[in-house]
Amino acid sequence: MVVSNVRTDKETNTNKIVPSLKVAKGSPRKQLIVRGTYFPRKLYDTVPLQNLSEENSELLNKGFSSLLSRKASKSSVASVYEQLSAEAKNKVHPVKDANNNMVGYTFDFFKPGLASNSEEVCTFDNPNQMLADVRAPLRKKVVNKKDGNVTYSFVTLDAKDANGPLSRPEYKAILKQAGISEDTFRDFLVAARPTASKSQSQLDASTYIKLRYSKSVGNVTFGKNSASINELNAAINSAQVL
């Protein structure tokens, strides 16, 4: 969800519009995010579970291991693995080194070269529709420069990436329906902040409209490029409140 905040510079006493991106929350009664109604800021870089390469199999298992090794909760002494059901544990296999020390886990789904899997996975917005192509998000190895600790974080793609959300037909269709060019939307996503500004002010409607449609942030111009302050004033003065 795109939110426009008014940010005030206290030294110069000037205002500007700062776009930000917020997560739109749903509820158990209604699924808010469904296909065809939202545009993701980022996508996970994924690989199909069928016919995994040795490299991708190792990366997926490493990331999976880091997840299962964590505590189940802040107050729990048990790991995520220890909290799994017996059925789930049958698909997860602890790996030990030559000294019989735990070094991680492997998951049946992540076997290299596996032609198919027997699990049925439903789509995120329809529990009655099964995915024909089951994919897993890739993780990358990250080494902490200070202490040398190794973690595995998700690989994400944003608007700047060739395989990001702007490359997907379902998201292109949303922009087409909204009449927004891909270049304009890409620039906006790059400029928008992922969190809201803490410095906000209340403006009257007329001032907000003029500010909203006459200011630029970086190389992004909001509203119609041809709109001048005089044109906006005329439009505001002639507008009727419904």
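Colleague: In which loop is the place of Ser 79?
Modeller: The model is a predicted one. Helix H2 takes up residues 86-89. Ser 79 is in the loop between that helix and H1.

Colleague: Is Ser 79 buried or exposed?
Modeller: The relative accessible area of Ser 79 is 13%. Buried means under 20%. So Ser 79 counts as buried.

Colleague: Which residues is Ser 79 in contact with, leaving aside its neighbours within four places in sequence?
Modeller: Contact here needs heavy atoms within 4.5 Å. With the sequence neighbours set aside, the partners of Ser 79 are Leu 68, Ser 69, Arg 70, Lys 71 and Ala 72.

Colleague: Move to Asn 61. Is Asn 61 buried or exposed?
Modeller: Asn 61 belongs to helix H1, residues 54-68. Its relative accessibility is 11%. The cut-off for buried is under 20%, so Asn 61 is buried.

Colleague: What is Asn 61 in contact with, beyond four places in sequence?
Modeller: Neighbours within four places are left aside here. The contacts of Asn 61 are then Tyr 105, Thr 106, Phe 107 and Phe 110.

Colleague: What kind of aromatic pair do Phe 107 and Phe 110 form?
Modeller: The model has eight aromatic pairs. In the pair of Phe 107 and Phe 110, the rings are 5.2 Å apart, centre to centre, with 80 degrees between the planes. Both residues are buried. Planes over 60 degrees apart count as edge-to-face, so this pair is edge-to-face.

Colleague: Which residues do ring pairs link into a cluster?
Modeller: Phe 107 and Phe 110 are both among them. The cluster linked by ring pairs is Phe 64, Phe 107, Phe 109 and Phe 110.

Colleague: How far apart in space are Lys 141 and Leu 59?
Modeller: Lys 141 lies in strand S10, residues 139-143. In sequence, 82 residues separate Lys 141 from Leu 59. In space, C-alpha to C-alpha, the separation is 7.9 Å.

Colleague: Is Lys 141 buried or exposed?
Modeller: Lys 141 touches Val 150, Thr 151 and Tyr 152, not counting residues up to four places away in sequence. Its relative accessible area is 52%. Exposed means over 50%, so Lys 141 is exposed.

Colleague: What is the volume of the largest pocket?
Modeller: The largest pocket has 22 lining residues. Closest to its centre are Leu 43, Thr 46, Phe 124, Arg 168 and Tyr 171. The volume of the largest pocket is about 860 Å³.

Colleague: Which element gives the largest share of the lining?
Modeller: Strands S3, S7 and S9 and helix H3 each give two or more residues to the lining of the largest pocket. The lining divides into ten nonpolar, five polar and seven charged residues. The largest share, three residues, comes from H3.

Colleague: What do the buried residues of H3 pack against?
Modeller: Those buried residues are Tyr 171, Ile 174 and Leu 175. They cover an arc of only 95 degrees around the axis, so they are on the same side of H3. On the other side of H3, Pro 169, Lys 176 and Gln 177 are exposed. The buried residues of H3 pack against S3 and H4.

Colleague: Within what arc do the buried residues of H4 fall?
Modeller: In H4, residues 182-191, Phe 185, Phe 188 and Leu 189 are buried. They line one face of the helix because, seen down the axis of H4, they fall within an arc of 95 degrees.

Colleague: Which residue with a positive phi follows H3?
Modeller: The phi of this residue is near 70 degrees. The residue after H3 is Gly 179.

Colleague: What is the phi of Asn 51?
Modeller: Asn 51 lies in the loop between strand S4 and H1. Asn 51 is exposed, at 53% relative accessibility. Although Asn 51 is not a glycine, its phi is positive, about 55 degrees.

Colleague: And what is the phi of Asn 100?
Modeller: Asn 100 is in the loop between strands S5 and S6. Its relative accessible area is 53%, so Asn 100 is exposed. Asn 100 is not a glycine, yet its phi is positive, about 65 degrees.

Colleague: What share of the residues of the protein count as buried?
Modeller: The protein has six helices and 14 strands. It has 242 residues, and the share that counts as buried is 24%.

Conventions:
Residues are numbered from 1 along each chain as its sequence is written. This is a predicted model: local features need pLDDT of at least 70, side-chain atom pairs count only at pLDDT 80 or more; totals for chains, interfaces and linings use all residues. Side-chain values use heavy atoms; hydrogens and water are left out. On a 1 Å grid over the protein atoms alone, a cavity is a set of points where a 1.4 Å probe fits but cannot get out, and a pocket is an open set with protein on both sides within 12 Å along at least five of seven lines; lining residues have an atom within 4 Å of a point. Grid points are joined across faces, edges and corners, and a volume is the space filled by probe spheres set on the points. Helices (H or I, at least four residues) and strands (E, at least two) are DSSP runs, numbered from the N terminus. Ala, Val, Leu, Ile, Met, Phe, Trp, Tyr, Cys and Pro count as nonpolar, Asp, Glu, Lys and Arg as charged, and the others, Gly among them, as polar. Buried means under 20% relative accessible area, exposed over 50%, partly exposed in between (1.4 Å probe, protein chains only). The arc is that of the directions from the helix axis to the C-beta atoms. Rings of Phe, Tyr and Trp (its six-membered ring) pair if their centres lie within 6.5 Å; planes under 30 degrees apart count as stacked, over 60 as edge-to-face and the rest as tilted.
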